[in-house]
Amino acid sequence: MAEDLKSSAHVWGDGKIDQTEESPPAYSGAAPEEPIADDPVASATTRTEPRRSAPRAAYDPVKRFGTLAAIPYHKYDIVDGALSSDKISLTVKHSDLYSHPQHLLPFVLEQAVLPPKPTLRIVGSHCGDRVDFDITLNLTHLLNLRNYKWRFNSAQVTPLLSGSMVMCDRDDSSVPTRIATSVKQFCKDRGENKSFTMTRTVEGMPTEMLAGQVRNLAASVKYRGLLRIDFTDERSKVVVHKQPGSWFSNILGLHPEKKYASVETVWNPWSGSDEGSEHGNVDVGLRAGQEWWQSWTSTIRNAIIVKHRGNIGIEDWIETRMGRVEAEPRVEWGRDHSVYDR
């Protein structure tokens with residue numbers, strides 16, 4: 001785990017980006033023997049057989065959770081910042097930030113490289129309001145914390161998804177200049193109601209596949225209640241907002257909000273290597289999701305059977321690995337009898 005932490009620490013360091021990447025693991029075991037020179041079959045086979053690539057690192061929850069130790073969590077806690085009730089958006093109203101580019105620029109650069117917190121929540125209920133279980137899993141360790149990309153909106157004053165996109169690598173030298181341009185434009189705006197939004201986006205998470213697996217798992221343990229499966233990216237927005245000083249103006253909406261949404265960081269799932277991170281294709285996320293599900297299925301199964309309410313973490317996974325297996329219910333449960341007895 002120490003080596004894992006060491007290799008990931010450069011992402012969260014003092015703003016310095018280490019471009020060195022670990023080389024793939026070498027083969028273990030003895031080298032194959034050389035074919036006999038006078039054996040034409042062996043010689044032909046050796047010449048035509050393609051060289052196999054190094055095996056990909058398997059998903060290991062202990063190591064993946066270890067990478068989370070390198071995240072500077074204290075930077076999420078902003079003085080006087082207000083976190084929304086759904087934990088998605090953090091709003092800051094410091095005058096130094098919305099008035100002075102020299103303060104806003106380092107703030108945006110610092111916040112943008114922090115990952116969001118993707119979560120999976122599984123709720124089973126019946127008879128409308130009777131909750132049978134309510135399980136939440138933190139999926140942050142599923143992200144590739146060594147790599148992310150920047151995305152910019154060319155239309156500086158419009159919502160991000162409505163403008164044309166510009167994608168940049170994490171270490172692209174043009175990134176600070178692009179951010180500085182939008183920051184200066186925002187701070188020079190003398191409007192009474194304006195906001196600058198930095199977004200952390202997760203792409204490639206196989207939500208449909210995981211939701212299907214959850215439903216199959218619940219059915220396999222004879223659960224017949226209503227399932228609600230939610231994927232949420234908590235801490236995915238940081239908003240610097242200047243509001244009108246007059247409460248009367250706020251109530252009447254005399255000054256419509258002018259939104260600057262031009263900075264976004266894009267995070268993809270980790271698939272055991274960085275081979276597919278450049279493309280961000282669906283296959284990488286699907287493979288990462290399948291590996292994660294195979295490792296956590298038994299833990300989630302136990303939580304459903306015991307009607308757990310709350311978070312599930314590495315301690316629960318360890319208990320499962322140590323042999324904890326909850327007995328499967330003998331009869332169907334979670335039924336809404338008012339519906340089934342009609």
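Analyst: Asp316 is partly exposed, with a relative accessible area of 24%; buried means under 20%, exposed over 50%, and partly exposed in between, for a 1.4 Å probe and protein chains only. Please keep in mind that this is a predicted model, in which local features need pLDDT of at least 70 and side-chain atom pairs count only at pLDDT 80 or more, while totals for chains, interfaces and linings use all residues. Residues are numbered from 1 along each chain as its sequence is written, and side-chain values use heavy atoms, with hydrogens and water left out.

Asp316 belongs to helix α10, which covers residues 314–321; helices (H or I, at least four residues) and strands (E, at least two) are DSSP runs, numbered from the N terminus. If its neighbours within four places in sequence are set aside, Asp316 is in contact with Thr299 and Asn311, where contact means heavy atoms within 4.5 Å. Ala303 is 13 residues away from Asp316 in sequence, and their C-alpha atoms are 8.8 Å apart in space.

Between α9 (282–305) and β11 (309–312) runs a loop that holds Lys307. The phi of Lys307 is positive, near 60°, although this residue is not a glycine, and Lys307 is partly exposed at 45% relative accessibility. Most residues other than glycine have a negative phi.

Lys87 also has a positive phi, of about 65°, without being a glycine. Lys87 sits in the loop between β1 (82–83) and β2 (89–92), and its relative accessible area of 44% makes it partly exposed. Among the contacts of Glu234, apart from neighbours within four places in sequence, are Asp86, Lys87 and Ile88, together with Pro116, Lys117 and Thr119. Glu234 itself lies in strand β8 (residues 226–234) and counts as buried, because its relative accessibility is 14%.

Turning to a helix, α5 (residues 101–112) has twelve residues and reaches 16 Å from its first C-alpha to its last, close to the 16 Å expected at 1.5 Å a residue; the expected span is 1.5 Å times one less than the number of residues. Leu104, Phe107, Val108, Gln111 and Ala112 are the buried residues of α5. Seen down the helix axis, the buried residues of α5 fall within an arc of 120°, so they line one face, the arc being that of the directions from the axis to the C-beta atoms.

A cavity is a set of points, on a 1 Å grid over the protein atoms alone, where a 1.4 Å probe fits but cannot get out, and its lining residues have an atom within 4 Å of a point. This second largest cavity holds about 40 Å³ of space, and its lining divides into four nonpolar, one polar and three charged residues. Here Ala, Val, Leu, Ile, Met, Phe, Trp, Tyr, Cys and Pro count as nonpolar, Asp, Glu, Lys and Arg as charged, and the others, Gly among them, as polar. A volume is the space filled by probe spheres set on the grid points, which are joined across faces, edges and corners.

As for the whole protein, there are eleven helices and eleven strands, and 41% of the 342 residues count as buried.

Technical notes: On a 1 Å grid over the protein atoms alone, a cavity is a set of points where a 1.4 Å probe fits but cannot get out, and a pocket is an open set with protein on both sides within 12 Å along at least five of seven lines; lining residues have an atom within 4 Å of a point.
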